[in-house]
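Biologist: Could we go through this model together? I would like to understand what the coordinates show.

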Amino acid sequence: MNHYELLLTHLGTVLHAQYLVPLVLGTIAGVVGGALPGVTITMTVIMVLPFTFGLDPLQGLAAMIGVYVGGSAGGSITASLIGIPGTPSAIATTFDGYPMTRNGEPGRAIWIGVFAAFLGGLLGGIVLIELTGPLASLALQFGPWEFFSLYVFALSMVAGLVGKSVVKGLLSGAIGLVITVFGPDPILGVQRLTMGLDFLEGGFPFLPVLIGLFAFAQLMPDVEQIGRGKQAEADAPRALVLRVAKLDALWDILRRPFLLIWSTLVGLLIGVLPAIGGSAANIMAYDQARKFSRRPEMFGTGIPEGIIASESSNNANVAGSLIMIMAFGIPGDAVTAVMLGALTIHGIQPGPLFISQHTAIAYGIFAAYLLALPLMMLVIWLGSPAWLRVITMPKSILIPIVLVLCVIGAYALGNTMNDVYVLLLFCAIGYAMVKARIPLAPLILGVVLGDQVEANMIRAVANDADPWLFVTRPISGGLLAASVLSVLFALWQHRREARTAAKATTEEGADVDF
Amino acid sequence: MPGRDGIAGLVCLAISVGLLLLTRGLPPPVMVPIGPAFYPRLVLSFMALLSVLLIASDWRAQRRRRGVATPVAGGVSVRPNYLRVLATFVAFAIYILLLPMLGFRIATVLFVAALQIVLEWPRTWRRWLLVAGVAIGTTIVCDVAFERYLSVLLPRGRWTGL
């Protein structure tokens with residue numbers, strides 16, 4: 001069967017109830033999770049994770065893809081209606097979505113966002129389906145030197161691009177790598193750094209670490225503020241009329257094809273870059289849209305362009321992240337990192353061989369992604385009367401439920417309390433890192449890639465002990481050079497920003513003096 | 001007195017140096033030129049180096065700040081409620097520690113109810129009913145969904161057998 005026959009066959013497969021039900025439920029969970037302020041897509045996918053343990057791999061992945069697609073669009077609901085982004089990937093949607101609502105067009109704001117998410121996701125899906133195979137074939141040419149250098153490049157790039165300090169980004173990545181050295185070494189199985197503790201003998205399991213890091217890091221900032229945002233919650237509009245001529249909203253997008261395609265490309269590119277995610281994609285696309293616009297001064301007043309740029313890019317970002325994990329085994333963001341963990345539970349390792357060895361699952365992912373897009377629109381359309389109630393759900397009810405699901409997610413992995421203790425430990429570490437303003441994304445990538453970095457380094461040295469091969473092999477050397485350049489670029493960029501800020505402060509001070 | 005970054009750097013440095021010392025007991029290389037200690041030492045040294053850089057940058061920032069008058073805060077800032085965060089963490093830790101003794105069903109009802117009360121004190125009897133309903137409802141839904149439909153076994157209590 002050729003590429004398109006396989007795709008059509010698997011579209012038919014995913015339309016069977018056994019896959020469609022998890023996909024629909026995942027999409028509903030994603031839209032609700034995305035719409036709830038303070039609950040991110042990552043948190044939602046972590047909550048859904050334990051429900052997937054009893055399912056077959058494709059059923060579980062269908063549910064997670066539903067969450068991912070639904071959550072990416074769901075964030076725009078709150079962003080447009082109450083001016084609070086449901087997820088970080090909808091921050092830029094608030095800039096024009098909320099003003100449009102205040103201008104008396106809440107339905108238009110929501111539906112421009114939904115259609116932009118659909119079209120951006122669809123264009124991204126086409127690229128996902130067409131590019132993943134060729135990229136995986138390219139990755140098959142890689143030896144251990146190239147993989148080692150690729151992982152180093154991914155880590156250095158994330159460390160440089162995320163957060164406000166390159167040192168903190170790199171430190172976060174290093175902590176992630178350190179977490180993976182506990183337990184048996186990959187050659188002889190010698191126990192390392194276990195300090196005589198039995199539960200460390202298998203190393204730190206990836207998913208409890210990930211769930212723990214995100215659980216407290218994302219929930220506790222809300223706990224800090226409970227009782228202080230009551231007014232905002234009370235002010236949430238309950239009587240908005242969301243009815244709108246949907247074709248007009250669609251036409252608002254279709255008559256701006258360049259904006260749609262450019263924002264989609266920005267989202268795809270950011271999605272392909274490891275561990276950066278939709279939170280950067282929507283802001284970058286919004287910024288680009290304003291720069292290219294003939295009426296940049298209108299941005300922020302409630303114009304369709306701002307919503308289109310933000311929503312199409314954050315949904316295309318989903319496709320970009322999926323390309324990276326399916327072709328190289330590198331998660332594009334935290335959501336795909338959870339998916340990677342879920343796959344490894346079933347004994348499946350994403351990477352260059354994924355498409356050829358697990359064709360049914362790979363094409364099932366493509367199919368689930370394509371089907372999740374219209375489902376997302378359907379869920380938002382049918383559920384629109386409920387959204388205004390959902391977004392005002394008290395945090396005091398939500399947080400205990402989320403924490404219980406986190407415990408189940410960690411426990412159910414191996415039916416052992418050890419994984420739950422690991423979860424508790426990393427809850428504390430995650431919150432401490434948030435308070436120290438150390439970004440979590442490089443740490444997650446370090447934990448995901450740590451074993452692979454070590455295994456490929458050993459494989460390379462076992463093949464040929466000459467360490468210079470890492471530098472002299474063209475692709476490997478190029479990737480290492482790119483790693484150094486990405487860190488240098490980030491350092492230069494941060495220094496420039498600091499200088500600009502210092503200059504502005506001095507000028508403000510001068511104004512005050514005079 | 002070190003700032004936030006300085007403290008983070010010192011904690012990371014202490015951890016990396018402590019773990020580096022632990023690698024001393026690892027055996028030498030046997031089958032390949034690099035042994036089980038090589039990679040941990042490499043990443044721990046990298047972590048220690050970055051920790052030192054973080055401490056140094058914090059120290060430099062502190063010195064710079066000393067030379068500049070502290071600006072007066074213009075807006076009204078909302079102080080985070082760390083006591084509530086601590087209470088949440090303690091409740092969560094107790095829940096996890098009690099899980100193997102009480103079992104999922106009893107421990108979860110108690111935890112969900114207790115944490116709702118910790119996060120927002122119920123002021124009306126309707127709210128108390130809601131707290132109880134959410135606690136019991138969450139436990140029943142999880143129990144039925146995971147044990148009956150998804151074949152995921154949840155912890156049983158040593159003391160209660162439930």
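**Discussion of the model**

Modeller: Let us begin with A:Ala139, which is placed in helix H6 of chain A. Please bear in mind throughout that this is a predicted model.

Biologist: How exposed is A:Ala139?

Modeller: A:Ala139 is partly exposed, because 19 other C-beta atoms lie within 10 Å, whereas a buried residue needs 20 or more.

Biologist: And how far is A:Ala139 from A:Ala327 in space?

Modeller: The C-alpha atoms of A:Ala139 and A:Ala327 are 7.2 Å apart, although 188 residues separate the two in sequence.

Biologist: Staying with helix H6 of chain A, at what angle does it pack with helix H12 of chain A?

Modeller: Helix H6 (residues 106-140) and helix H12 (residues 257-272) of chain A pack at about 60 degrees, and their axes are 9 Å apart. H6(A) and H12(A) are therefore oblique to each other. As for handedness, H6(A) passes H12(A) in a right-handed crossing.

Biologist: What about helix H4 and helix H5 of chain A?

Modeller: Helix H4 (residues 57-81) and helix H5 (residues 91-102) of chain A cross at roughly 50 degrees, with axes that come within 7 Å. That angle makes H4(A) oblique to H5(A). The crossing of H4(A) past H5(A) is right-handed.

Biologist: Changing topic to backbone torsions: what is phi of A:Leu193?

Modeller: Phi of A:Leu193 is near 55 degrees, which is a positive value in a residue other than glycine. A:Leu193 belongs to the loop between strand S2 (191-192) and helix H9 (206-225) of chain A.

Biologist: Is A:Leu193 buried or exposed?

Modeller: A:Leu193 is buried, because 20 other C-beta atoms lie within 10 Å; the cut-off for a buried residue is 20 or more.

Biologist: Then what is phi of A:Asn415, and where is that residue?

Modeller: A:Asn415 also has a positive phi, near 50 degrees, in a residue other than glycine. A:Asn415 is located in the loop between helix H18 (395-414) and helix H19 (417-435) of chain A. A:Asn415 counts as exposed because it has 11 C-beta neighbours inside 10 Å.

Biologist: How far apart are domain 1 and domain 2 of chain B?

Modeller: The C-alpha centres of domain 1 and domain 2 of chain B lie 40 Å apart.

Biologist: Where in chain B is B:Gly25 found?

Modeller: B:Gly25 is in the loop between helix H1 (4-22) and helix H2 (38-67) of chain B. B:Gly25 counts as exposed because it has 9 C-beta neighbours inside 10 Å. The C-alpha atoms of B:Gly25 and B:Ala37 are separated by 8.8 Å, and these residues are 12 apart along the chain.

Biologist: Finally, what is the mean pLDDT of chain B, and what does the model score for ipTM?

Modeller: Chain B has a mean pLDDT of 89, and 93% of its residues reach 70 or more. The model scores ipTM 0.92 and pTM 0.84.

Definitions and conventions
Residues are numbered from 1 along each chain as its sequence is written. Chains are lettered from A and ligands numbered from 1 in the order in which they are written. This is a predicted model: local features need pLDDT of at least 70, side-chain atom pairs count only at pLDDT 80 or more; totals for chains, interfaces and linings use all residues. Domain bounds come from an automatic or database domain assignment. Helices (H or I, at least four residues) and strands (E, at least two) are DSSP runs, numbered from the N terminus. A residue is buried if 20 or more other C-beta atoms lie within 10 Å of its own, exposed if 12 or fewer, and partly exposed in between; C-beta atoms are placed from the backbone. pLDDT is the predictor's confidence in each residue, from 0 to 100. Axes are lines fitted to C-alpha atoms, for helices over the stretch in contact, and angles run from 0 to 180 degrees between N-to-C directions. Angles under 35 degrees count as roughly parallel, over 145 as roughly antiparallel, 65 to 115 as roughly perpendicular and the rest as oblique. A crossing is left-handed if the near helix is turned anticlockwise from the far one by less than a right angle, and right-handed if clockwise.
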